[in-house]
Amino acid sequence: MNLLSLFQIELIKTSRRAAYWVAAGVFTLFAVLLLTVILRVTDGVNINNQRVGLELPQSWSQMLGMFKQFSTIYLPITVIILAASEFTFKTARQNVIDGLSKEAFFTSKVILVLYSALTYFFIFFITVLIFGYIGTEKKENAEALIRASEWQLFGMYFIVLVGYGAIALFFAFVTRSSGSGLAFALLYTLIIENLLGLAMGLSDTLKSFVKYLPTKVLDELLNPLRYDNDKLTTLKENIEKAKEAGQTIPDQVMQMLPANETPQALVLALLYIAALLGATYLIFKRRDL
């Protein structure tokens, strides 16, 4: 069965699930309320003769940082509920009995991850673009609402969403239960990796490897300084000057720097996604339906 047919099958399944529309609807409502509050609170506010608030293109990275915190929770919830229910309601088994191979069924769930990631990406993009356009002061010869650096950031954001979706799919297939899958996925992404990072940070040998943990690699892709050479260069120059003057550099400042080069971070993120999907497929293939 070709990819288009699998996409159509998955689209029909998803479009008939209330959970998908409820999750996407609640996330959209949250986005609208959040952006409305930001617009109202910062309307007409100036600091040092500069407007603050929802001003595009300057606010894209800040808004993306806010939305990332929530979309990486909503997306796993969506993927796990839709994927794990295939086992709960025995539809996965029925699909294979009806002639769909295990490989085709698994591919359809990867497609689910991809278009769920697209759903949450477009909710972010469209709502921020609309509210940002409203909040941006109109000037002659003004910058475009989206610069080249933002397009790079958007591409990375989509990869990050796919990465969190792959983590969710892994737990959905391992537990085959929506409740257990959600519990393990959120426990891992919100607590376990952070505790592991803290524990590794206590060791001089291991602390340099904290940045290579899966969610750390994914989150680091969204460091906006990666895509703004001017700001990154200025920050590095200020750090060097402070070091030459014998000043202590606060950890908060050092943490602003990208933990690794962008190509390396991107390759690591893609490898993690491939490894998660590969492990999920092997677990699925070796277990009875």
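**Entry 1: confidence**

pLDDT is the predictor's confidence in each residue, on a scale from 0 to 100. I started there, as this is a predicted model. I looked up the mean for the protein chain and found 87. I also noted that 94% of its residues reach 70 or more. Then I went through the elements. Strand 1, residues 46-47, has the lowest mean pLDDT, at 50. Helix 6, residues 148-175, has the highest, at 94. Where pLDDT is low, the predicted coordinates should not be read in detail.

**Entry 2: the whole chain**

I listed the elements next. The protein chain has 11 helices and two strands. From the N terminus, I read the order as α-α-β-β-α-α-α-α-α-α-α-α-α. I then looked up the extent. Along the principal axes, the C-alpha atoms fill a box of roughly 70 × 50 × 30 Å. Of the 289 residues, 40% count as buried.

**Entry 3: helix 1**

I turned to helix 1, residues 3-15. Its 13 residues reach 18 Å from first C-alpha to last, close to the 18 Å expected at 1.5 Å a residue. Which residues of helix 1 are buried? I found Leu6, Glu10 and Thr14. Seen down the helix axis, the buried residues fall within an arc of 65°, so they line one face of helix 1. I also checked the start of helix 1. There, a side-chain oxygen of Asn2 comes to within 3.2 Å of the backbone nitrogen of Leu4.

**Entry 4: a cis peptide bond**

I looked up the peptide bond from Leu56 to Pro57. This bond is cis, with omega near 10°. Pro57 sits in the loop between strand 2 (50-51) and helix 3 (60-88).

**Entry 5: Lys109**

I found Lys109 in helix 5, residues 102-135. Is Lys109 buried or exposed? Its relative accessible area is 1%, and the cut-off for buried is under 20%, so Lys109 counts as buried. I then looked for a partner. The side chain of Lys109 makes a polar contact with the side chain of Glu86, at 2.7 Å.

I went back to helix 6, the element with the highest mean pLDDT. Its 28 residues should span 40 Å at 1.5 Å a residue. I noted 41 Å between its end C-alpha atoms, which agrees. Why do I call helix 6 largely enclosed by the rest of the structure? Because 20 of its 28 residues are buried.

Just after helix 6 comes Arg176, with a positive phi of about 55°. Arg176 is not a glycine. I placed Arg176 in the loop between helix 6 and helix 7 (178-201). At 14% relative accessibility, Arg176 counts as buried.

**Entry 6: Lys90**

I noted a positive phi at Lys90 too, of about 65°. Lys90 is not a glycine either. I placed Lys90 in the loop between helix 3 and helix 4 (91-97).

**Entry 7: the largest pocket**

I ended with the largest pocket. Its space comes to about 520 Å³. I counted 13 lining residues. Which of them are closest to its centre? They are Glu220, Met254, Gln255, Leu257 and Ala259. I then asked which elements give two or more residues to the lining. Helix 8 (214-220) and helix 10 (251-254) do. The largest share, three residues, comes from helix 8.

How values were computed: Residues are numbered from 1 along each chain as its sequence is written. This is a predicted model: local features need pLDDT of at least 70, side-chain atom pairs count only at pLDDT 80 or more; totals for chains, interfaces and linings use all residues. Side-chain values use heavy atoms; hydrogens and water are left out. Helices (H or I, at least four residues) and strands (E, at least two) are DSSP runs, numbered from the N terminus. The expected span of a helix is 1.5 Å times one less than its number of residues. Buried means under 20% relative accessible area, exposed over 50%, partly exposed in between (1.4 Å probe, protein chains only). The arc is that of the directions from the helix axis to the C-beta atoms. A polar contact is a pair of N or O atoms within 3.5 Å; within protein, one must be able to donate a hydrogen and the other to accept it, and residues adjacent in sequence count only if both atoms are side-chain atoms. On a 1 Å grid over the protein atoms alone, a cavity is a set of points where a 1.4 Å probe fits but cannot get out, and a pocket is an open set with protein on both sides within 12 Å along at least five of seven lines; lining residues have an atom within 4 Å of a point. Grid points are joined across faces, edges and corners, and a volume is the space filled by probe spheres set on the points.
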